[in-house]
Amino acid sequence: MKKWTVALLTLSLLAAGAAFAEGPNPFDETLTYTLADNVLTVELAANATTGYAWQYDMIDEGLLEETRNEYVPDQTAQDMVGVGGRQIYSFAPTTDAAGQIVGLSFSYLQVGQSEPEKLYQILVDVDLDGNMLVNSVMDVNARLKGLKYDTDGKALRVELDSNPTTGYTWSYRASPEGLLTEQSNEYTPQPVEEGVVGSGGVQLYVFVPAAGAHGSVELTFLEGRSWEEGAVRRFQLYIDINDNGEVSVAHAWQVPDHLPLIGDKYPCPTCNNPDAVVIDMYDGGDMEATAWFLTLDCPTCGKVEEIL
């Protein structure tokens, strides 16, 4: 899970000055944060009686010091059984954090569960004087509705909500080709009562690294009809394969239909060369995805950044 910040780190460098103001930032009251006296406090709604618990991952461990990790039951209903509370974490920057960007990922899951029920990501900027500022907060599950993925290092599983009875089916492309091998591709309809027609299901893809493969792969999934142009849903996963052949997901996002995809041609904003190619892209990390950041490889200008 620690890989997810790769994309957001690049984004933060491009989006300097677009950080969130200090103060609470609610997500249906599940997550709130405060930044006071240079201490970041994150509160997450929890219920220890359900078997679920919060855990967090941090990229570049050692840049933030955990100063509080406490579960606080709801004080207004102490005599009631099964009532939840708040999981509270506090973090302070270490001396090594100055001038760095730190990512925190909070997962709500049960013991043995690999796919979290809830997943939030927070990106923190630390200036040269050691002062923290929250750059972005994202509800990952809400942003990736219809897509689930999981990996044990040896294989990557991708599940996509699907309903072939509508004529819409999924396809994918990998760039570059040859680093991932499709191990299986199967559609499973959801259980329904006898006589019910037109219900959907799940399209499951399983990929494994090719022999000797290492590097990065952009995996793009497109949902559309064979007789129509374009796609109604587009997901992209940025995949890392390390030198040991282990696969991980660095980042995943849903791309709006008005934007190009990685590998597509897009006019260079500097010289308007129509043969510039999108080689990287990230969304703004906010809940509305109001800004997208593209890196283009232009035959005339070289690498060019574009904000849409």
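The model is predicted: local features need pLDDT of at least 70, side-chain atom pairs count only at pLDDT 80 or more, and totals for chains, interfaces and linings use all residues. Residues are numbered from 1 along each chain as its sequence is written, and side-chain values use heavy atoms, with hydrogens and water left out.

A search of the whole structure found 16 aromatic pairs. One of them joins Tyr56 and Tyr89. Their ring centres lie 5.1 Å apart and their planes meet at 80°, so the pair is edge-to-face. Strands (E, at least two residues) and helices (H or I, at least four) are DSSP runs, numbered from the N terminus. Tyr56 also forms an edge-to-face pair with Phe91, at 5.1 Å centre to centre and 85° between the planes. Accessibility was classed as buried (under 20% relative accessible area), exposed (over 50%) or partly exposed (in between), using a 1.4 Å probe and protein chains only. Tyr56 is partly exposed at 23%. Tyr89 is buried at 2%, and Phe91 is buried at 0%.

An open sheet of four strands has the order S11-S14-S15-S16, and its pairing is antiparallel. S11 and S16 are the edge strands, each pairing on one side only. The twist averages 20° from one strand to the next. Axes for this angle are lines fitted to C-alpha atoms, for helices over the stretch in contact, and angles run from 0 to 180 degrees between N-to-C directions. Two strands pair if DSSP finds at least two bridges between them. Nine bridges join S14 to S15, and seven join S15 to S16. Leu237 stands opposite Ala252 in S16. The hairpin of S15 and S16 has five residues between the strands, and Gly245 takes a positive phi near 80° there. Seven of the eight residues of S16 are buried, so this strand is largely enclosed by the rest of the structure.

Charged contacts were then examined. Seven salt bridges were found in the whole structure, each defined as a side-chain nitrogen of Lys or Arg within 4 Å of a carboxyl oxygen of Asp or Glu. Glu223 and Arg233 form one, with the closest N and O atoms 2.7 Å apart. Glu223 lies in strand S14 (residues 215-224) and Arg233 in strand S15 (residues 233-241), ten residues apart. Arg233 is also the bridge partner of Glu223 in S15. Glu223 is buried, at 7% relative accessibility.

Arg173 forms a salt bridge with Asp264, the closest N and O atoms being 2.9 Å apart. Arg173 sits in strand S11 (residues 169-175), whereas Asp264 sits in the loop between strand S16 (247-254) and strand S17 (277-283), 91 residues apart. Both are partly exposed, Arg173 at 33% and Asp264 at 22%. A further salt bridge joins Arg225 to Glu228, with the closest N and O atoms 3.5 Å apart. Arg225 is partly exposed at 23%, as is Glu228 at 36%.

Note on methods
Phe/Tyr/Trp six-rings, centres within 6.5 Å; stacked < 30°, edge-to-face > 60°.
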